[in-house]
Amino acid sequence: MAGLADKAIATQLGISQRTVQRRLRDMMGRVGADTRAQLVWQAARRDWLP
């Protein structure tokens, strides 16, 4: 949601960049999002965000 690059996200979470990409792709598929912006909108709509 903060617009970080995959590498920065991976570093903050202590996981690989590839894992970040895979998880994003899986979440986007789950909600039917084509872009990260759509994913964030859906996540907010579904109360997935703190």
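Against what do the buried residues of H3 pack? In this predicted model, where residues count from 1 along each chain as its sequence is written, local features need pLDDT of at least 70, side-chain atom pairs count only at pLDDT 80 or more, and totals for chains, interfaces and linings use all residues. Side-chain values use heavy atoms, with hydrogens and water left out.

The buried residues of H3 pack against H2; helices here are DSSP runs (H or I, at least four residues), numbered from the N terminus. Leu39, Gln42 and Ala43 are the buried ones in H3, with buried meaning under 20% relative accessible area, exposed over 50% and partly exposed in between (1.4 Å probe, protein chains only). Looking down the axis of H3, these buried residues fall within an arc of 100°, so they line one face of the helix; the arc is taken from the directions from the helix axis to the C-beta atoms. Over on the other side of H3 sit Ala37, Trp41 and Arg45, which are exposed.

Setting aside its neighbours within four places in sequence, Leu24 is in contact (heavy atoms within 4.5 Å) with Asp6, Arg36 and Leu39.

As for what follows H3, Asp47 has a positive phi, near 60°. Trp48 lies in the segment after helix H3 (36-45) and, at 39% relative accessibility, counts as partly exposed.

Methods
Helix = DSSP H or I, 4+ residues; strand = E, 2+ residues; numbered from the N terminus.
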